[in-house]
Amino acid sequence: MGSEANSSEGMEMESNCPSWDSEAEYMAEYQLLGNIDLLVGGYATIALATLGVCANILAISVFCNKSFKSNFNNLLVALAVFDLLFLVVCITESVRRNFEDRSSNTSSFSGLATQIHHRLFPYFLYPLHNILLTCSIFMTISISIERYLAIFHQSAYRKRSCLWTLSCHILPVIILAIIINIPKFFESKVVLEDDHSWIDVTDMRRSFEYSVYYQHWTRFIVLGIFPLMLLGFLNFRIFIHLFIFKSSTSKEVASFIITLLIVVIFILCHLPRLALNFYEALDSENIGQCGPPVWSMIFHVFSNSLLPVINSTSNFFIYFLAGKNFRSSLLRMLKCRKEPEESVFSKSSVICDINSDVCEEGKEVTEMEELENTKLLRI
């Protein structure tokens, strides 16, 4: 009776798994998956990531100009650095997944290079990929917090320095990103056999409890629900203050529009990833028995490969299209022209040292006033 019950239970479990009418249909679906993975996860991702690397280098070069010096622009530089490094790692990962052999052989130069990549992947490239993605997410939150403080807590905001920005906006992002992704260092391993090597997952990563509680729910909440709720709250409050009560300067509005565009693109690019994560968390038991359905693996190529790359590439075009002075400085830099000294200050501004909080006339200025006098992102 026990064996009959077990066999009937096994048949019931198998019946929940999808079936194909023929082997040809099965092969066709996985052939489609392979083609999409190659075109989208391979060629398209590498091309966009390469464009994004160049774009972020240009953005960093412009923001490092003295005339763009401000706490807000310093955070944009940090975001561009995280995006730049993330895109570089994305290129290496796309190459590994789509163009490298699964198993390396040291008898050839390409095989030796593949084995070096295999050795770097589990304990460096794979964790770094996740850490940089987390840094990009939290840095977007940090920029919104900076705009919130600049508008609602100006008395505290005026006392801030570059060191304060580094210690309170950038370092916490890096530390939290590393802490959250510590388990990623133990998810994969390199298997060596004679002259061959390949990457395999660890027993911890195969654990059902680990997949459900950390991979799905913890990351879904910490890197999904929490950032979306906080970004929504902060930017909604700022929007109401600037556009409903109209208690703002044109420079505050310009900086907020830049922030809002960054947040909107961020949400659009990360929502599909969160939706897939939520589905996998709800259907984790069935996925563990039957494997993920083909449609979810196709969706994964877009949500986890292409869209994060688009997000990290698009910020430069936001600065270029929405920032008049960013656009002008970029064009001058590309034409190898020097920045005009008089453009640092507005026509009506008092001559001030932008590295201090006091004008020559002795009038104390806030960073909001400094931003109005210096050359920033303006619409």
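Modeller: Start with Phe278. Phe278 is partly exposed, with a relative accessible area of 35%. Bear in mind that this is a predicted model. A search of the whole structure gives 18 aromatic pairs. In one of them, Phe278 partners Phe220. The pair is stacked, at 5.4 Å centre to centre, with 25° between the planes. It counts as stacked because planes under 30 degrees apart fall in that class. Phe220 is buried, at a relative accessible area of 9%.

Now a second pair. Phe316 and Phe317 are edge-to-face. Their centres lie 5.2 Å apart, with 85° between the planes. Phe316 is buried, with a relative accessible area of 8%. Phe317 counts as partly exposed, at 35% relative accessibility. Both belong to a cluster joined by ring pairs.

Next, a helix contact. Helix 2 (residues 23-63) packs against helix 11 (residues 294-322). The angle is about 15°, and the axes are 8 Å apart. That makes the two helices roughly parallel, because angles under 35 degrees count as such. Their crossing is left-handed. By class, the contact has 24 nonpolar, seven polar and two charged residues.

Notes: Residues are numbered from 1 along each chain as its sequence is written. This is a predicted model: local features need pLDDT of at least 70, side-chain atom pairs count only at pLDDT 80 or more; totals for chains, interfaces and linings use all residues. Side-chain values use heavy atoms; hydrogens and water are left out. Axes are lines fitted to C-alpha atoms, for helices over the stretch in contact, and angles run from 0 to 180 degrees between N-to-C directions. Helices (H or I, at least four residues) and strands (E, at least two) are DSSP runs, numbered from the N terminus. Angles under 35 degrees count as roughly parallel, over 145 as roughly antiparallel, 65 to 115 as roughly perpendicular and the rest as oblique. A crossing is left-handed if the near helix is turned anticlockwise from the far one by less than a right angle, and right-handed if clockwise. Ala, Val, Leu, Ile, Met, Phe, Trp, Tyr, Cys and Pro count as nonpolar, Asp, Glu, Lys and Arg as charged, and the others, Gly among them, as polar. Rings of Phe, Tyr and Trp (its six-membered ring) pair if their centres lie within 6.5 Å; planes under 30 degrees apart count as stacked, over 60 as edge-to-face and the rest as tilted. Buried means under 20% relative accessible area, exposed over 50%, partly exposed in between (1.4 Å probe, protein chains only).
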